[in-house]
Amino acid sequence: GSIYAGGGTIGGWTITGTSLNNGSTYLNSSGNITGAMIKDVRQMETDRIIFVDFDATNEKGLSIAALNFPGNAVYVTEQENKTNIAPFIFIPWILSQCECVAQVKKLLGNACITNKPYSAQYPPTPLHWLIADKKTSITVEQTKDGLQIYENLVGVLTNNPTFDYHINNLSNYVQISSINTHHQFSKDFCLMPSSRGTSTLGLPGDLSSASRFIKAAFTKANSI
(Lines give C-alpha, C1' and ligand atoms only; values in the text may rest on other atoms or scores of the structure.)
Protein backbone atom coordinates (compact mmCIF):
# COMPACT_ATOMS: atom_id res chain seq x y z
CA GLY A 1 0.00 0.00 0.00
CA SER A 2 0.85 3.65 -0.03
CA ILE A 3 2.84 5.36 2.67
CA TYR A 4 2.21 9.02 3.32
CA ALA A 5 4.97 11.55 3.99
CA GLY A 6 3.94 15.10 4.56
CA GLY A 7 0.90 14.54 2.36
CA GLY A 8 2.79 12.87 -0.49
CA THR A 9 2.36 9.27 -1.49
CA ILE A 10 5.29 6.89 -1.54
CA GLY A 11 4.30 3.67 -3.14
CA GLY A 12 6.40 3.86 -6.17
CA TRP A 13 7.38 6.37 -4.52
CA THR A 14 6.47 10.06 -5.02
CA ILE A 15 7.69 12.54 -2.44
CA THR A 16 6.01 15.95 -2.47
CA GLY A 17 7.60 17.42 0.63
CA THR A 18 8.03 16.95 4.33
CA SER A 19 9.75 18.70 7.19
CA LEU A 20 11.15 17.90 10.60
CA ASN A 21 9.99 19.46 13.82
CA ASN A 22 12.55 22.28 13.57
CA GLY A 23 10.83 23.57 10.45
CA SER A 24 13.71 22.79 8.08
CA THR A 25 12.47 21.45 4.76
CA TYR A 26 14.34 18.34 3.69
CA LEU A 27 12.25 17.14 0.77
CA ASN A 28 10.95 20.04 -1.26
CA SER A 29 10.36 18.74 -4.77
CA SER A 30 8.79 15.77 -6.44
CA GLY A 31 10.70 12.64 -7.29
CA ASN A 32 10.31 8.88 -7.35
CA ILE A 33 12.50 6.83 -5.06
CA THR A 34 12.89 3.08 -5.02
CA GLY A 35 14.74 1.97 -1.93
CA ALA A 36 16.55 -1.28 -1.32
CA MET A 37 16.59 -0.58 2.38
CA ILE A 38 13.71 1.65 3.45
CA LYS A 39 14.13 1.13 7.16
CA ASP A 40 11.27 2.87 8.85
CA VAL A 41 8.50 5.43 8.76
CA ARG A 42 7.68 7.02 12.10
CA GLN A 43 5.84 9.97 13.56
CA MET A 44 8.02 12.95 14.43
CA GLU A 45 5.95 15.70 16.02
CA THR A 46 3.20 16.37 13.44
CA ASP A 47 5.12 15.24 10.38
CA ARG A 48 5.91 11.84 8.95
CA ILE A 49 9.27 11.28 7.35
CA ILE A 50 11.00 8.55 5.40
CA PHE A 51 14.06 7.03 7.03
CA VAL A 52 16.28 5.76 4.20
CA ASP A 53 19.50 4.59 5.78
CA PHE A 54 21.27 2.45 3.21
CA ASP A 55 20.53 2.25 -0.54
CA ALA A 56 18.09 3.85 -2.95
CA THR A 57 17.66 5.10 -6.52
CA ASN A 58 15.26 7.55 -8.17
CA GLU A 59 13.44 7.50 -11.49
CA LYS A 60 16.32 9.30 -13.23
CA GLY A 61 18.78 6.56 -12.29
CA LEU A 62 20.60 8.59 -9.67
CA SER A 63 21.60 6.11 -6.97
CA ILE A 64 23.07 6.29 -3.49
CA ALA A 65 24.68 3.64 -1.31
CA ALA A 66 25.53 4.33 2.34
CA LEU A 67 28.45 2.44 3.90
CA ASN A 68 29.55 2.05 7.50
CA PHE A 69 32.03 4.73 8.58
CA PRO A 70 32.47 4.51 12.39
CA GLY A 71 35.29 6.47 13.95
CA ASN A 72 35.67 8.65 10.87
CA ALA A 73 32.21 10.15 10.38
CA VAL A 74 31.97 13.41 12.29
CA TYR A 75 28.53 14.99 12.50
CA VAL A 76 28.11 18.43 14.02
CA THR A 77 25.46 20.66 15.54
CA GLU A 78 23.43 22.75 13.14
CA GLN A 79 25.43 25.60 11.61
CA GLU A 80 24.25 29.09 10.75
CA ASN A 81 24.14 29.94 7.04
CA LYS A 82 24.39 26.24 6.16
CA THR A 83 21.93 23.74 4.74
CA ASN A 84 21.73 21.41 7.73
CA ILE A 85 20.87 17.81 6.88
CA ALA A 86 20.42 14.97 9.36
CA PRO A 87 22.12 11.76 8.14
CA PHE A 88 18.91 9.73 8.25
CA ILE A 89 17.28 12.05 5.71
CA PHE A 90 20.39 12.52 3.53
CA ILE A 91 19.40 9.99 0.85
CA PRO A 92 15.80 11.09 0.18
CA TRP A 93 16.84 14.75 0.47
CA ILE A 94 19.17 14.26 -2.49
CA LEU A 95 17.11 11.84 -4.58
CA SER A 96 13.97 13.97 -4.37
CA GLN A 97 15.79 16.99 -5.81
CA CYS A 98 18.58 15.77 -8.11
CA GLU A 99 18.74 13.97 -11.44
CA CYS A 100 22.51 13.63 -11.79
CA VAL A 101 25.78 13.83 -9.90
CA ALA A 102 26.46 17.36 -11.13
CA GLN A 103 23.27 18.54 -9.43
CA VAL A 104 24.23 16.67 -6.24
CA LYS A 105 27.59 18.46 -6.09
CA LYS A 106 25.85 21.80 -6.45
CA LEU A 107 23.27 20.89 -3.79
CA LEU A 108 26.00 19.86 -1.36
CA GLY A 109 27.96 23.06 -1.88
CA ASN A 110 26.70 24.61 1.34
CA ALA A 111 25.55 21.47 3.16
CA CYS A 112 26.37 20.34 6.66
CA ILE A 113 25.54 16.87 8.00
CA THR A 114 24.29 17.27 11.53
CA ASN A 115 24.30 15.06 14.60
CA LYS A 116 20.51 15.26 14.89
CA PRO A 117 19.30 11.79 15.99
CA TYR A 118 16.35 10.04 14.44
CA SER A 119 15.02 9.57 17.95
CA ALA A 120 16.35 9.01 21.45
CA GLN A 121 16.45 5.29 20.66
CA TYR A 122 18.15 5.71 17.26
CA PRO A 123 21.33 7.84 17.33
CA PRO A 124 22.94 8.94 14.06
CA THR A 125 24.52 6.11 12.07
CA PRO A 126 28.15 6.84 11.05
CA LEU A 127 28.12 6.69 7.25
CA HIS A 128 29.81 7.75 4.06
CA TRP A 129 28.07 7.65 0.69
CA LEU A 130 28.64 6.56 -2.90
CA ILE A 131 26.48 8.62 -5.27
CA ALA A 132 26.33 7.68 -8.94
CA ASP A 133 24.50 8.36 -12.17
CA LYS A 134 24.98 6.64 -15.53
CA LYS A 135 28.24 8.45 -16.29
CA THR A 136 30.02 9.34 -13.08
CA SER A 137 30.17 8.89 -9.32
CA ILE A 138 31.34 10.68 -6.21
CA THR A 139 32.04 9.76 -2.61
CA VAL A 140 30.74 12.01 0.16
CA GLU A 141 32.25 11.94 3.64
CA GLN A 142 32.01 14.29 6.58
CA THR A 143 35.08 13.91 8.78
CA LYS A 144 36.92 16.06 11.31
CA ASP A 145 38.11 18.05 8.28
CA GLY A 146 34.55 18.88 7.23
CA LEU A 147 32.42 17.79 4.31
CA GLN A 148 34.51 16.08 1.63
CA ILE A 149 33.34 15.38 -1.92
CA TYR A 150 35.65 13.11 -3.91
CA GLU A 151 35.49 12.25 -7.59
CA ASN A 152 35.16 8.47 -7.57
CA LEU A 153 36.70 7.25 -10.82
CA VAL A 154 36.61 3.58 -9.80
CA GLY A 155 32.90 3.68 -9.00
CA VAL A 156 32.96 1.51 -5.88
CA LEU A 157 32.98 2.06 -2.13
CA THR A 158 33.21 -0.11 0.96
CA ASN A 159 33.30 0.68 4.68
CA ASN A 160 36.17 2.23 6.65
CA PRO A 161 38.73 3.69 6.26
CA THR A 162 38.43 7.01 4.43
CA PHE A 163 38.08 7.17 0.66
CA ASP A 164 41.49 8.74 0.11
CA TYR A 165 43.08 5.73 1.85
CA HIS A 166 41.21 3.31 -0.42
CA ILE A 167 42.37 5.15 -3.53
CA ASN A 168 45.99 5.36 -2.40
CA ASN A 169 45.89 1.66 -1.50
CA LEU A 170 45.11 0.81 -5.14
CA SER A 171 48.71 1.70 -5.95
CA ASN A 172 49.85 -1.43 -4.09
CA TYR A 173 48.17 -3.57 -6.74
CA VAL A 174 49.40 -2.03 -10.00
CA GLN A 175 50.85 -5.40 -11.03
CA ILE A 176 47.41 -7.06 -11.10
CA SER A 177 46.14 -7.61 -14.63
CA SER A 178 43.19 -9.14 -16.45
CA ILE A 179 45.54 -10.30 -19.23
CA ASN A 180 46.77 -13.87 -18.88
CA THR A 181 50.33 -14.12 -17.58
CA HIS A 182 53.18 -14.84 -19.98
CA HIS A 183 56.52 -16.36 -19.10
CA GLN A 184 58.81 -13.79 -17.47
CA PHE A 185 60.38 -15.87 -14.71
CA SER A 186 63.76 -16.52 -16.35
CA LYS A 187 65.47 -16.15 -19.70
CA ASP A 188 67.17 -19.53 -19.14
CA PHE A 189 64.03 -21.70 -19.28
CA CYS A 190 60.34 -21.46 -20.12
CA LEU A 191 57.40 -21.88 -17.77
CA MET A 192 53.73 -22.16 -18.64
CA PRO A 193 50.95 -20.78 -16.40
CA SER A 194 49.16 -23.58 -14.56
CA SER A 195 45.76 -21.99 -15.20
CA ARG A 196 44.01 -18.85 -16.30
CA GLY A 197 43.83 -16.03 -13.80
CA THR A 198 47.41 -16.24 -12.59
CA SER A 199 47.79 -12.57 -13.51
CA THR A 200 45.50 -11.79 -10.57
CA LEU A 201 47.71 -13.52 -8.00
CA GLY A 202 48.06 -11.05 -5.14
CA LEU A 203 44.52 -9.76 -5.44
CA PRO A 204 43.24 -9.78 -1.85
CA GLY A 205 40.62 -12.33 -0.90
CA ASP A 206 39.96 -11.55 2.74
CA LEU A 207 36.77 -9.86 3.94
CA SER A 208 38.22 -6.60 5.24
CA SER A 209 36.67 -3.48 3.75
CA ALA A 210 40.04 -2.34 2.34
CA SER A 211 40.48 -5.67 0.54
CA ARG A 212 36.90 -5.72 -0.67
CA PHE A 213 37.43 -2.24 -2.16
CA ILE A 214 40.43 -3.47 -4.16
CA LYS A 215 38.64 -6.57 -5.43
CA ALA A 216 35.46 -4.66 -6.29
CA ALA A 217 37.41 -1.97 -8.12
CA PHE A 218 39.35 -4.56 -10.15
CA THR A 219 36.26 -6.62 -10.96
CA LYS A 220 34.26 -3.57 -12.06
CA ALA A 221 37.11 -2.23 -14.17
CA ASN A 222 37.60 -5.56 -15.95
CA SER A 223 34.06 -6.88 -16.28
CA ILE A 224 32.53 -7.26 -19.72
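A residue is called buried when its relative accessible area is under 20%, exposed when over 50%, and partly exposed in between (1.4 Å probe, protein chains only). By that rule, cysteine 98 is buried, with a relative accessible area of 5%. Cysteine 112 is buried as well, at 7%.

The model is predicted: local features need pLDDT of at least 70, side-chain atom pairs count only at pLDDT 80 or more, and totals for chains, interfaces and linings use all residues. Numbering runs from 1 along each chain as its sequence is written, and side-chain values use heavy atoms, with hydrogens and water left out.

Now to the sulfurs. A disulfide is a covalent bond between the sulfur atoms of two cysteines. Here the term is given to a pair of cysteine sulfur atoms within 2.5 Å. The structure holds zero disulfides. For cysteine 98, the closest cysteine sulfur belongs to cysteine 100. The two sulfurs are 7.4 Å apart, so they are too far for a bond.

Next comes helix α4. Helices (H or I, at least four residues) and strands (E, at least two) are DSSP runs, numbered from the N terminus. Helix α4 covers residues 209–222, which is 14 residues. The expected span of a helix is 1.5 Å times one less than its number of residues. For α4 that gives 20 Å, and its end C-alpha atoms are 20 Å apart, which agrees.

The buried residues of α4 include Phe213, Ile214, Ala217 and Phe218. The buried residues of α4 pack against α3 (163–169).

Serine 209 also lies in α4. Serine 209 is buried, with a relative accessible area of 14%. Contact means heavy atoms within 4.5 Å. Beyond its neighbours within four places in sequence, serine 209 is in contact with Thr158, Asn159, Asn160, Pro161 and His166.
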